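Here is a short report for you on how the parts of this structure meet. Take a look at the sequence and the coordinates, and then let's go through the contacts together.

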Amino acid sequence: MVKPGLRVLLVDDDKSLLDILATLLELDGHTVVKVSAAHQGLLRMREETFDLTLVDLKMPRTTGLDMLRAIREEYPDTKVVIMTAYASVNSTVEAMRLGVFDYLPKPFKLADLRRMLERVGEEIQAGAAGEGAA
Amino acid sequence: MAPPPPSLSPAPSISSGRLRPPRLSIQWKILIPVVGIVLTAFLGYAVVGLRTAERIPLERNYRSAGLLAAALERPLRAAVLHHDEAALHARLAEWADLPQLKTLGVVRPTGAPWVGAHGPLKPDADFMELLKRAQEGPGTAARAEGPWRYRVVKAIRAAPNAPVAGYLLADVSVADPRQSITSERAQWLLVSGGTLLLLAFALVVVVHVLVSRPLEALTTAMSRVEAGDYAARADITSGDELERLSRSFNRMVEEVAHANAEVTRANEQLLRTEKLASIGLLAAGVAHEINNPVATISMSAEGLMETETSPERRRFLHAIIEESERIGRIVKNLLGFERGGHNAYAVCSLTEVLRHAEDDVRRDANQAGVIVALDTRLRRDRVLGQADQLRQAFVNIMDNAIRAMEGGGRLDILAEERDGRAFVIFRDTGPGISREHQARVFDPFFTTREVGEGFGLGLAACYEIMKRHGGDISCESDSEGATFTVELPLSEGAATPPSLAEATPNVSAGPTSSL
């Protein structure tokens with residue numbers, strides 16, 4: 001089975017982590033667009049569609065939660081995964097309420113990331129199959 | 001995020017200054033007026049007495065001069081009547097030496113010279129005048145010559161109405177009556193004044209014994225209390241108001257000591273809580289900054305690991321990944337302090353929490369050769385709390401004990417109910433904890449382990465968790481091991497299934513952490 005490459009929008013204000021994550025994801029065969037601010041990410045989303053937005057929670061100006069809220073309204077099909085270096089209970093609950101796909105507390109392992117991406121892929125496939133069946 | 005507890009202000013100081021010794025002791029305050037009164041009375045009496053003495057009537061002096069003259073006349077009378085000049089002279093010569101008598105002599109009824117102390121006395125004009133007055137009058141005449149000196153002329157005769165046989169002439173000095181009066185009064189004043197002074201001193205002694213000494217004892221006790229010695233008591237058994245005063249003072253000190261101990265204890269607790277809260281705040285701030293680079297490092301290493309085939313390089317990469325994970329764990333544990341207060345409370349089974357905690361440490365215990373024996377005798381085991389936090393606390397205690405028994409040993413855990421509260425007693429067979437360390441084991445960052453082996457936060461976290469649950473944790477130790485006793489209030493309610501809070505992604509301290 002050929003691993004379907006996902007189109008991933010990566011948003012993190014930490015440039016080093018952004019580069020490394022993008023590289024790792026690209027090595028796995030995904031298509032990655034990396035931006036370092038939420039508003040840039042939202043601009044890119046107008047231009048192209050993404051299967052997954054991997055966004056950092058705590059960023060200057062627009063936070064990951066704000067972005068999640070915007071994506072939920074405009075692109076309900078895009079899965080959003082929030083990464084955070086410091087998860088508070090409130091932000092976690094809020095993210096869940098907004099329909100976050102997953103929540104990755106930093107530092108996470110490459111295996112965790114891959115498992116999460118696999119699940120996104122599976123969901124997308126299942127969704128497509130469901131649509132096809134209907 | 002919990003609001004930071006109000007900053008701890010130092011206990012208000014009640015004392016406004018040390019007790020100074022009194023400027024004037026009470027006994028002197030009593031003595032000085034008494035002495036003053038006595039002296040005033042003394043002086044007043046002396047002055048008034050002397051004034052009175054000066055006003056002693058002159059007649060009395062005349063009379064005394066007359067009496068003296070009469071006293072002189074009588075022994076002379078026989079000799080004068082019998083014209084016995086030899087006897088007369090002898091008698092007069094005998095008196096001539098008396099200091100009170102001057103110009104002593106006897107003249108004829110006419111005033112012609114007759115016999116004197118030192119030969120025949122010829123009366124001068126002055127005497128003649130007095131003599132004339134005596135001849136015309138009752139036979140006696142006197143005149144004051146100066147202060148307390150009189151010139152006296154006295155008729156000498158056989159009987160009051162008999163013809164005059166001769167006249168006695170004499171210059172007489174009488175004693176100053178003031179002197180005798182004054183000395184009499186002075187004596188009286190001295191005696192009475194002395195008595196009063198003695199009484200005053202007696203009063204001083206009495207006041208000293210009855211008032212000053214008990215007050216002194218009370219003051220000493222107060223000074224000691226002021227210096228912080230709450231064991232000080234005023235021991236007064238005089239049976240009067242002072243004893244009552246001392247008793248209420250002692251009671252007050254007891255209450256102050258009690259309140260003080262309470263405040264000290266509360267302060268310590270507050271300080272500890274503040275310390276923990278500030279660790280939490282620090283951790284929250286630092287976590288974000290640390291976790292990002294740690295994530296980058298570990299992910300990079302993992303990325304390299306994918307394609308790396310050299311065993312040495314794989315070992316290096318493995319080390320990088322492992323240690324990055326450790327940093328991540330440390331930060332998570334620090335965050336545990338800050339986030340502990342947010343999870344919802346639910347009724348949970350203490351037995352279950354203990355079993356889970358035991359499961360968590362089993363592997364480490366087996367590795368260290370430690371037997372962990374859990375014995376729960378709780379008939380009621382429901383507590384209201386955060387199950388994950390309680391579990392973490394128990395794991396920390398067990399982990400501590402296991403680490404203390406690296407060469408093997410036994411950890412007995414007994415859970416039982418006492419007076420409606422759950423007690424969990426962790427007793428190990430390790431080397432024990434020294435007395436000085438016992439007081440500090442619950443302080444944050446206190447550790448006896450090697451650098452890198454722990455932060456010294458595990459038991460501090462336990463303390464914080466237990467306090468938050470209305471419980472307590474204490475530590476005892478001897479050479480045969482250490483005992484940690486956890487005390488928690490039991491709840492009446494039935495256990496609820498894991499709450500929503502527990503269902504949220506749990507990013508707090510992992511169960512196998514070591515702090």
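## Where the chains meet

In this predicted model, chain A brings 26 residues into contact with 27 residues of chain B. About 2,200 Å² is buried between the two chains, and carbon and sulfur atoms give 64% of that area.

Two salt bridges are found across the interface of chain A and chain B. One of them joins the side chains of A:K109 and B:E325, with an N to O distance of 2.3 Å.

## The chain A side

Which helices of chain A each supply at least two residues of the side that touches chain B? They are α1 (15-27), α4 (89-97) and α5 (110-133). The most comes from α1(A), with five residues. Sorted by class, the side of chain A that touches chain B holds 16 nonpolar, seven charged and three polar residues.

## A helix pair within chain B

Now for a look inside chain B. Helix α9 (residues 387-404) and helix α11 (residues 458-468) of chain B have axes that come within 9 Å and cross at roughly 145°. This crossing of α9(B) and α11(B) is left-handed.

On the α9(B) side, the contact residues include B:L390, B:F394 and B:I397, while those of α11(B) include B:L459, B:I465 and B:M466. By class, the contact of α9(B) with α11(B) has nine nonpolar residues, four polar and one charged.

Methods. Residues are numbered from 1 along each chain as its sequence is written. Chains are lettered from A and ligands numbered from 1 in the order in which they are written. This is a predicted model: local features need pLDDT of at least 70, side-chain atom pairs count only at pLDDT 80 or more; totals for chains, interfaces and linings use all residues. Side-chain values use heavy atoms; hydrogens and water are left out. Axes are lines fitted to C-alpha atoms, for helices over the stretch in contact, and angles run from 0 to 180 degrees between N-to-C directions. Helices (H or I, at least four residues) and strands (E, at least two) are DSSP runs, numbered from the N terminus. A crossing is left-handed if the near helix is turned anticlockwise from the far one by less than a right angle, and right-handed if clockwise. Contact means heavy atoms within 4.5 Å. Ala, Val, Leu, Ile, Met, Phe, Trp, Tyr, Cys and Pro count as nonpolar, Asp, Glu, Lys and Arg as charged, and the others, Gly among them, as polar. Buried area is the accessible area (1.4 Å probe) that two parts lose on being put together, summed over both. A salt bridge is a side-chain nitrogen of Lys or Arg within 4 Å of a carboxyl oxygen of Asp or Glu.
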